[in-house]
Amino acid sequence: MPPRRRLSPAERRAQLLDVAARLFAALPYDEVRMEEVAERAGVSRALLYQHFPNKRDLFAALYREVSAQLLAKTRLDPADTLVGQLTQGLDAHIEYFAANRNTVLAANRVLAGDLLVQTIVADELDALRERLLGVLPLADDRTRAAVSGVLKSWLVFVQVLCVDWLTHETCTRTELRDVCVGAAVGALRPLLDEDPAPDWPRRPPEGRSPVRRPTDP
């Protein structure tokens, strides 16, 4: 066991969360042991349990920090285009998801029935929805309510799609992101007076032909 350092309660909590973040990213949730967290942190199990009574509480504290960090990376500015803002936010989330596959799967699959963890997930989605509502050109309260409902459903769609992508990478990160952006643009267009993304859809990558519908010439 590494020699124990004297830290303030806040510093010790941050250290424990840092150790836990590495373990939850490296291992499936069920394989992470509190004893190993304590050992890697150089503390006794008793001290670890003073900060976090059980593994679920440790994970919930970690995921709350993750959600805050991802929200901080998702900067929305009315001066930017909708596609640009969605692209930036999705890139930040997908990058974290890919680098921390086990952590994301734990929050969205293993602990899908856990009220505390799902509240953290839902709070992040609600915060993202409010930010998007703040930068969209909404004509009136009726439009805001309609767009809010669409964004709520879209965010759940993105969540499910990205989690499924972690288990079956059937497309590239860029394709995953563009599917999510395209879904948002298509869903919002009928509700807004002004096209939120007149240049969307993008042209297909060089060398790839656009998918044609049966009715296309």
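Guide: A search of the whole structure finds one cavity of 30 Å³ or more. Here a cavity is a set of points, on a 1 Å grid over the protein atoms alone, where a 1.4 Å probe fits but cannot get out, and lining residues have an atom within 4 Å of a point. The model is predicted: local features need pLDDT of at least 70, side-chain atom pairs count only at pLDDT 80 or more, and totals for chains, interfaces and linings use all residues. Residues are numbered from 1 along each chain as its sequence is written, and side-chain values use heavy atoms, with hydrogens and water left out.

The largest cavity holds about 350 Å³ of space, a volume being the space filled by probe spheres set on the points, which are joined across faces, edges and corners. Its lining has 23 residues, and His93, Leu125, Leu128, Leu155 and Val158 are the closest to the centre. Two or more lining residues come from each of helix 4 (55-73), helix 5 (82-99), helix 6 (101-110), helix 7 (115-135) and helix 8 (141-167). Helices are DSSP runs (H or I, at least four residues), numbered from the N terminus.

By class, the lining of the largest cavity comprises 16 nonpolar residues, six polar and one charged. In this count Ala, Val, Leu, Ile, Met, Phe, Trp, Tyr, Cys and Pro are nonpolar, Asp, Glu, Lys and Arg are charged, and the others, Gly among them, are polar.

Notes. 1 Å grid on protein atoms, 1.4 Å probe; cavity = no way out; pocket = protein on both sides within 12 Å on 5 of 7 lines; lining within 4 Å.
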